[in-house]
Amino acid sequence: MGLILAILVQGAQMVLVLALAPGLVGFTRKVKARLLRRQGPPILQPYRDLYRLVRKEAVLADNASWLFRNAPYLIFATTWVAAALVPTFATGLHFSWAADLIAITALLGSARFFLALAGMDIGTAFGGIGSSREMLFATLAEPAMIMIVFTVALVAGSTQLSTVAAFMVDHATLRVSLGLALIGLIIVALTENARVPVDNPATHLELTMVHEAMVLEYSGRHLAVIELAAALKLLLYISLIACIFAPWGIARQGDGLLEMAFGVVTFVGKLAVGGFLMVLFETAIAKMRVFRVPEFVGGALMLGFLGTLLLFVSRSF
Amino acid sequence: MPIAAALLSVAGLAGVAVAAPILTARRVRWATPAVYGASLVFSAVLLVCGLFGLLGGSAYWGGVRLPVGLPWVGANFAIDPLSAAFLIIVNLGAVVASFYAVGYGAHEEEPGRVLPFYPAFLAGMNLVVLAADAFSFLVAWEFMSLSSWALVMAHHHDPENRRAGYVYLLMASFGTLMLLLAFGLLAGPDGGYAFAAIRAAGHAPWLSGLVLILMLLGAGSKAGLVPLHVWLPLAHPAAPSHVSALMSGVMTKVAVYGFIRVVFDLAGQPAWWWAVVVLILGAASAVLGVLHAVLQRDLKRLLAYSTVENIGIVFIGLGLGLAFKTNDMAGAAALAVTAAIFHAFNHSLFKSLLFFGAGNVLTGAGERDIEKLGGLIHRMPETAYLFLGGCLAISALPPLNGFVSEWLILQAILISPELPQWALRFLVPASGAMLALAAALAAACFVRAFGITFLSRPRSPAAETAHEVGRWQLRAMYALIAICLVAGIFPGPFLDALSPASQLLVGGAMPKQPILPHLAIIPISESRSSYSGFLVFFFILMASWAAIRVIHNFASRAVRRAPPWDCGFPDPSPQTQYTADSFAQPIRRVFGPIAFRAKVTQTMPPPGDTAPARLTLSLRDLVWEFVYEPLEGAVLYAAERLNVLQFLTIRSYLSLVFAALVLLLVLVATWA
């Protein structure tokens, strides 16, 4: 019985992240539009877009290979699994020990690997430029992420996110290393989600684009699945930041349904706050040139490294 | 006794090596399958010996002493858990490479230049792993070096290959010289060359330290540690592809074995600065290797540079192992060493797989330059699929095996704040950052390698008319990808199997990996970290299956083929695609100024002038410039100066001999 309940809660987490992800995107678009004094599309627009795209036929380029057709599903599946493994409303979920934070980072790496390959499949200049730049950013963002994971893991004594969240609830103190990790993680999150100082999610057909260039040849259900995966990734990063740096309200292992319901409510609240802050930052800043980005992400790498180094020097930082 | 069976199989391989030239000289038609088939059988026996030695427990360990070699030592051979582990690595690679070669070798133009040396090479590698005294070790090592040199020179008509062979021969002799000195120091003036005698004798700390440096030079030059890696990217691509796979995937592991055997087993208790040296060299190899790899156009050379990277990762693990061992943290040391050996095993699998893939491309399209390939996924679908698997594994992506070993090394790094030495506390996180950087660059490197070679549109007629290769080659690759997947999703039994080896090396073992729940691996304790490749694999499979089923059943499954969109202006010329160089350009621009002193100069003609604009790029290999060129200069300078000695009179020679004699006598008199 306990096992069935545990699996049900885990299933609820998987469904929850999937259901909330497009809503988060819709919310950020709405807030951004309002900040720019535009009306903006309704919050539910991404759900409608997905519904519309899914029902359309997929147009494939003449020389698209099996990789091009299967990559969207693999990207979606790896991102979804990664997002489902980050504690959102409850810690200690049944399968949370299946992968720690390093493995979650690597899962996102798998998704990126397939996305970059899909961008190169047709052999257009745009796809190549997107893949090349995405991999460039990843060469700095991924080690930055690993260094941030190190910092957090050295503070909490574990790379297991459930344990980290539980530790942060119980022993939350202001620490220099965690501050560095937070700034680094925000930079990585902005980079990985192709947000404004790095890339612009709202534009198509600009030479500066990265993510949109890779998915340019996709249409119909394939595009829908990729957009859903991108939304899941945004949700993953916000819930990751929330789980490590603001875990309050999250249901603990052994808590009842009431605490879990409260956890869901606080989680939605955290998503809204996180999305709002991100859009506020995006609106206030201009997009960078591509070759400024390595300096920006390299900053995250240095911050993460500094945090780790401080903790190697003394556990009290 | 596995050791007897193992030695008989090695003798069998030697017999094949002797028989092969007779077969090829008589132009026997079945020479190629016969030689590779016999090599396969003998390697399989050796593989079974290794499996018994590692899994069967102490009943299968033990050694023999043959009455050859040095009269007072004999030739000692033994199987213990460490040699058994590497026996498995060597012979798994050998079995699959022999299988591959049954098909691939049929394309060989001059089989007489490959067939005799191939079994000799296998025999040499096996003897190194089995040797239990310094003399047999060195003889086997030299045998391995020379037979592989002959294989590098198989296609000697190409001047590049001749140069590769020359550089390789130089580096190999240098390495053996260093090993000779290392073993000489360990054996002492009494000549106790048997490993048992070396292990029993105590060694002064300065002597052990010197042995470490000599081993880093000797075994490191064979393994491809920076700055001794320069021969790898020349020699590995020059050999036929199945031999490239063995040299890159397996022979470098034999060098790692030699390093582990001497430094962890024979040289006594390590000092903490050993870890510093090994970590620095490992981290430098990992990053420099992959930075070179990401810029290469030659597919096989790219793979050879990536070997440098992976050897660097193995050495980071070994350096961590040394750091923990010197501080008596047996559990942590066991984790680091097990991770290093597991990564060596994993790398032997996916590197062989990738070299086989490169061999297929070479057979199918006749081209190694990735700038002239493209679109092979349509014409070589199975090779593309298998090569993609290798790329995923080597880029350390879950759920494949490369991720597991790198994850374990990262976990070992997370224990190291408990180390008391300050130098190590600064160095270990830095090497962790380098490891993460290398892994991310490797992903970029293999996206580029796969994307340019197999995806996009063909860039040359050769790529347009490529064809799939035969069944032998593909089946060998299927076997490798299957083992990669199994090691990735069920890593627990592999780690358990390595525990006697880590017990031997550092006096501790990783905790026994639980079968339940759900096959997760636990490096230290469950609350710290765990990873279940099986569950991750299962979830990915289920999630993608569910997505496909739901969308296909309830939405649309219609597909229409159309010309590419490309923002409305698709250009039919394949020239407009991204090339390998343009893909690597951003990475070169970011890392190039530091790693290669990259300089780009553009000359634009003034407006109205019709002269072409020029872009020149200069990349400098700093290792060549700062290590090898000064060395070459010094050797030439010394040779010039000493040249005078060739033209002396007989009187001068006699007086020189006399002076040398007096000098030596004075030295002996003052020291003794």
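Between chain A and chain B of this predicted model, 27 residue pairs, both at pLDDT 80 or more, are in polar contact (a pair of N or O atoms within 3.5 Å, where within protein one must be able to donate a hydrogen and the other to accept it, and residues adjacent in sequence count only if both atoms are side-chain atoms). The side of chain A that touches chain B draws at least two residues from each of α2 (45-55), β1 (58-61), α3 (66-85), α4 (101-121), α5 (125-156), α9 (220-245) and α11 (293-313); helices (H or I, at least four residues) and strands (E, at least two) are DSSP runs numbered from the N terminus. The largest share, 18 residues, comes from α5(A).

In total, 80 residues of chain A are in contact with 83 residues of chain B (heavy atoms within 4.5 Å). The area buried between the chains is about 7100 Å², 73% of it from carbon and sulfur atoms; buried area is the accessible area (1.4 Å probe) lost by two parts on being put together, summed over both. Trp97(A), Phe113(A) and Phe312(A) supply 11% of the area that chain A buries against chain B, more than any other three residues.

One salt bridge is found across the interface (a side-chain nitrogen of Lys or Arg within 4 Å of a carboxyl oxygen of Asp or Glu). Arg560(B) forms a salt bridge with Glu57(A), with 2.6 Å between the closest N and O atoms. Arg560(B) is also the bridge partner, in β3(B), of Val59(A).

Residues are numbered from 1 along each chain as its sequence is written, and chains are lettered from A and ligands numbered from 1 in the order in which they are written. Local features need pLDDT of at least 70, side-chain atom pairs count only at pLDDT 80 or more, and totals for chains, interfaces and linings use all residues, while side-chain values use heavy atoms, with hydrogens and water left out.

Methods:
Two strands pair if DSSP finds at least two bridges between them.
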